[in-house]
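Got the viewer open and a cartoon on screen? Here is a tour, stop by stop, with what to select at each one.

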Amino acid sequence: MEQVLARLRAAAEATRLRLLAICAECELTVSEITQIIGQSQPRVSRHLKLLCEAGLLVRFREGTWVFYRTPHSGPGADLVQPVLDLLPKDDETLALDRARLDQVKAEREKIATEYFRANAEDWDRIRSLHVDEAVVEKALLEAVGDLTGGRILDVGTGTGRILELLGRNAEEGVGVDMSREMLAVARARLQRADLSNCLVRQADMYQLPYPGGMFDVVTLHQVLHFAEKPEAALAEAARVLAPGGKLVIVDFAQHEQEELREEHAHRRLGFDDASINDWFRASGLEPGNVVSLPGKPLTVRIWMARPTSAQAADKVQRNSEKAAE
């Protein structure tokens, strides 16, 4: 009861209610929040600290930036939405906050558009070498299956397109990438698609900041060919996969397009089925079906795997022991 009262006390202040309302819309930096709220950064930071301590906001760092948003799960999440539902829809202050939030979103969209424009030629060149993206996405949706109520992790999320494609029916979607520029593009895409259940984080694919067994589906879409150690990236993806979950890799079959290595930093010129399946088994996964989508000259393949029965049982046992502690 004391925890509930502490959360209610943290929320029971006009500025903090405004902060909860805007941070429920999307992830925001302190500078963006001060721009929206119209208060000094020290004052805003103090309110943010109190809300984070109460579990009503989550805070995460991305390089030198710090983002805030309302939580998707946990006791704080259970309280935030009922509190926000009590706020009057016609409140003038909240309406002004929403208008300024729209300006922040528009600026993000502008930055993302400029980044796309600057890099479009390189991306179009690569896309022209393989089957149409719509065909790949249709096959990916079929491979992943029903995502209702599931949790998705997209490793190397890039523009956030895979989250946009898969996240609508999921309980929660998370995309990780090391590039802040690409994360900005992904955030703009997700807010444009109104996918408030999806978020992106800056993270290393070799050291994912999540506990084992957390996600029902993990995807690596056109990521492994950039990896110095693809087998290590795959093993880390397998670590966070839930018992009964599915790991899905979309990448190129082996090819001889050397210019992709020289001009676009591809570390690997595609992969053969045997290597991928060996890495699956070394990570405690059972290889599944392989979908092949031939192009000219590149063929896109979709590899799938699930935890073996032994690995799944081991994860359940570890989770039970951790809960008992």
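**Stop 1**

Select strands β1 (residues 28-29) and β3: they pair in the antiparallel sense over two bridges. Strands here are DSSP runs (E, at least two residues), helices are DSSP runs too (H or I, at least four), and both are numbered from the N terminus. Two strands pair if DSSP finds at least two bridges between them. Within this pair, Thr-29 sits opposite Phe-67 of β3.

Now colour β3 (residues 65-69) by burial. Four of its five residues are buried, so the strand is largely enclosed by the rest of the structure. Buried means under 20% relative accessible area, exposed means over 50%, and partly exposed is what falls in between (1.4 Å probe, protein chains only).

Before going on, a word about what you are looking at. This is a predicted model, in which local features need pLDDT of at least 70, side-chain atom pairs count only at pLDDT 80 or more, and totals for chains, interfaces and linings use all residues. Residues are numbered from 1 along each chain as its sequence is written, and side-chain values use heavy atoms, with hydrogens and water left out.

**Stop 2: zoom out**

Show the whole protein chain: it has 13 helices and ten strands. Of its 325 residues, 50% are buried. Take the contacts (heavy atoms within 4.5 Å) between residues at least 6 apart in sequence: 68% of them join residues at least 24 apart.

**Stop 3: the seven-stranded sheet**

Next, pick out the open sheet of seven strands, which runs β6-β5-β4-β7-β8-β10-β9 with mixed pairing. At its edges are β6 (198-202) and β9 (285-293), each pairing on one side only. On average, neighbouring strands are turned by 20° against each other, direction ignored. The axes behind that angle are lines fitted to C-alpha atoms (for helices, over the stretch in contact), and angles run from 0 to 180 degrees between N-to-C directions.

Keep β8 (residues 241-252) and β10 (residues 300-307) on screen. Six bridges link them in the antiparallel sense, and Asp-251 stands opposite Arg-301 in β10.

On β9, click Ser-292. This residue is partly exposed, because its relative accessible area is 35%. Beyond residues up to four places away in sequence, Ser-292 touches Thr-299, Val-300 and Arg-301.

**Stop 4: the cores**

Which residues have the most contacts inside the largest nonpolar core? Select Leu-153, Val-218, Leu-220, Leu-247 and Phe-280; the core has 30 residues. A nonpolar core is a set of buried Ala, Val, Leu, Ile, Met, Phe, Trp, Tyr and Cys residues joined through side-chain atoms within 4.5 Å. At least two residues each come from β4 (151-155), β5 (172-177), β7 (215-221), α10 (230-239), β8, α12 (273-282) and β10. The most come from α10, with four residues.

Centre on Val-218. Leaving aside neighbours within four places in sequence, its contacts include Leu-153, Ala-237, Leu-241 and Leu-247. Apart from this core lies another of 29 residues, among them Ile-22, Leu-28, Ala-54 and Val-83.

**Stop 5**

Go to Glu-172 in strand β5. At 9% relative accessibility it counts as buried. Its side chain joins that of Arg-151 in a polar contact of 2.7 Å. A polar contact is a pair of N or O atoms within 3.5 Å; within protein, one must be able to donate a hydrogen and the other to accept it, and residues adjacent in sequence count only if both atoms are side-chain atoms.

Glu-164 is in helix α8 (residues 161-166). It too counts as buried, at 18% relative accessibility, and its side chain makes a polar contact with that of Arg-161 (2.8 Å).

Last, find Leu-56 in the loop between α4 (41-53) and β2 (58-62). Buried or exposed? Leu-56 counts as buried, at 0% relative accessibility. Leaving aside neighbours within four places in sequence, its contacts include Arg-7, Leu-20, Thr-70 and Val-80.
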